[in-house]
Amino acid sequence: MQQIIVAPSILAADFLRLADEVHRVEEAGADWIHCDIMDGHFVDNISFGPDIVGLVRKETNLPLDVHLMIRRPDHYAPRFVKAGANSITVHVEREADHDVGKTLSVIRDAGCRPGLSLNPATPFESVEPFLDTIDILLVMTVHPGFGGQSFRPEMMEKVQRAEEWNESRARKIDIAVDGGINPETARLSIQNGANVLVAGTSIFHAKDYAKAIRELRGIR
Ligand code: DX5
Ligand code: ZN
């Protein structure tokens with residue numbers, strides 16, 4: 001069976017106790033720490049930048065999975081590499097304003113795993129030309145910008161298409177879902193082929209982080 005990776009998004013953590021929150025999810029069984037970077041341009045919200053990612057790096061040895069919901073990710077990616085990111089995911093949409101292929105190769109050449117993401121309104125075809133060059137496909141299951149939104153089941157078609165692509169290739173890419181992930185939507189996503197679950201609210205707003213993470217994996 002496929003190994004499921006759970007990546008808590010610290011966007012939903014208590015920022016005044018960020019170090020403690022990171023330690024708690026690590027102890028609770030998190031596999032990666034997902035860092036949602038928002039610039040107020042690509043999405044209508046502002047979160048945090050490379051300095052905070054660098055502070056998180058000092059608190060954990062877990063892989064830091066950086067999701068850039070920003071314009072000009074080509075310009076900023078090197079700062080997140082320096083801050084200690086292990087994977088960096090950029091957006092394919094025109095509004096991100098960069099040469100997608102070039103940014104992905106800069107990320108790989110810097111020793112990070114390159115990822116590509118697409119918004120709910122963006123068709124699967126827009127990422128197809130890049131699948132051979134990425135390690136992670138991050139399917140947005142909500143419109144990016146804010147935590148706590150409802151999962152869009154229609155996005156499962158993109159997950160299925162990524163899974164079909166994986167089946168036709170020797171090299172597999174991680175298929176991640178991001179937004180509105182709870183035990184029920186996690187199960188649906190895994191059934192359709194996802195192996196990485198990004199979750200903010202359902203982990204950080206739970207009382208027992210270990211139980212929340214186990215439930216996302218389908219363990220009661
Ligand atoms: C959405 C972000 C997500 C989000 C997930 O813009 O990319 O990572 O924080 O949060 P929940 O799990 O609350 O939907
Ligand atoms: Zn994210």
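Colleague: How many aromatic pairs does the structure hold?

Modeller: This is a predicted model: local features need pLDDT of at least 70, side-chain atom pairs count only at pLDDT 80 or more, and totals for chains, interfaces and linings use all residues. Residues are numbered from 1 along each chain as its sequence is written, chains are lettered from A and ligands numbered from 1 in the order in which they are written, and side-chain values use heavy atoms, leaving out hydrogens and water. Rings of Phe, Tyr and Trp (its six-membered ring) pair if their centres lie within 6.5 Å. The number of aromatic pairs here is two.

Colleague: What kind of aromatic pair do Phe 15 and Phe 48 form?

Modeller: Their centres are 5.6 Å apart, with 55 degrees between the planes. Planes under 30 degrees apart count as stacked, over 60 as edge-to-face and the rest as tilted. The pair is tilted.

Colleague: How many residues apart in sequence are the parts that this pair ties together?

Modeller: Phe 15 lies in the loop between β1 (5-8) and α1 (18-27). Phe 48 lies in the loop between β2 and α2 (50-59). Helices (H or I, at least four residues) and strands (E, at least two) are DSSP runs, numbered from the N terminus. The parts tied together are 33 residues apart.

Colleague: Is Phe 15 buried, partly exposed or exposed?

Modeller: Buried means under 20% relative accessible area, exposed over 50%, partly exposed in between (1.4 Å probe, protein chains only). Phe 48, at 8%, is buried. Phe 15 has 37%, so it counts as partly exposed.

Colleague: What kind of pair do the rings of Phe 204 and Tyr 209 make?

Modeller: Both residues are buried. Their ring centres lie 5.5 Å apart. The planes stand at 75 degrees, so the pair is edge-to-face.

Colleague: Which residue lies over the face of Tyr 209?

Modeller: A charge sits over a ring if NZ of Lys or CZ of Arg is within 6 Å of the ring centre and within 35 degrees of the ring normal. The distance from the centre of the Tyr 209 ring is 3.9 Å. The residue is Arg 24.

Colleague: Which residues coordinate the zinc ion (ligand 2)?

Modeller: Donors are N, O and S atoms within 2.8 Å of the metal (3.2 Å for Na, K and Ca); water is not among the atoms, so sites may look incomplete. Here the distances run from 2.0 to 2.3 Å. The residues are His 34 (NE2), Asp 36 (OD), His 67 (ND1) and Asp 178 (OD).

Colleague: How many residues apart in sequence are the parts that Asp 36 and Asp 178 tie together?

Modeller: Asp 36 lies in strand β2 (residues 33-38), and Asp 178 in strand β7 (residues 174-178). Asp 36 is buried at 5% relative accessibility, and Asp 178 is buried at 8%. The tied parts are 142 residues apart.

Colleague: Where does Arg 72 lie?

Modeller: Most residues other than glycine have a negative phi. Arg 72 is not a glycine, yet has a positive phi of about 55 degrees. At 38% relative accessible area, Arg 72 is partly exposed. Its place is the loop between β3 (64-69) and α3 (73-83).

Colleague: Where does Asp 97 lie?

Modeller: Asp 97 has a positive phi of about 60 degrees, although it is not a glycine. Its relative accessibility is 45%, so Asp 97 counts as partly exposed. Its place is the loop between β4 (87-91) and α4 (100-109).
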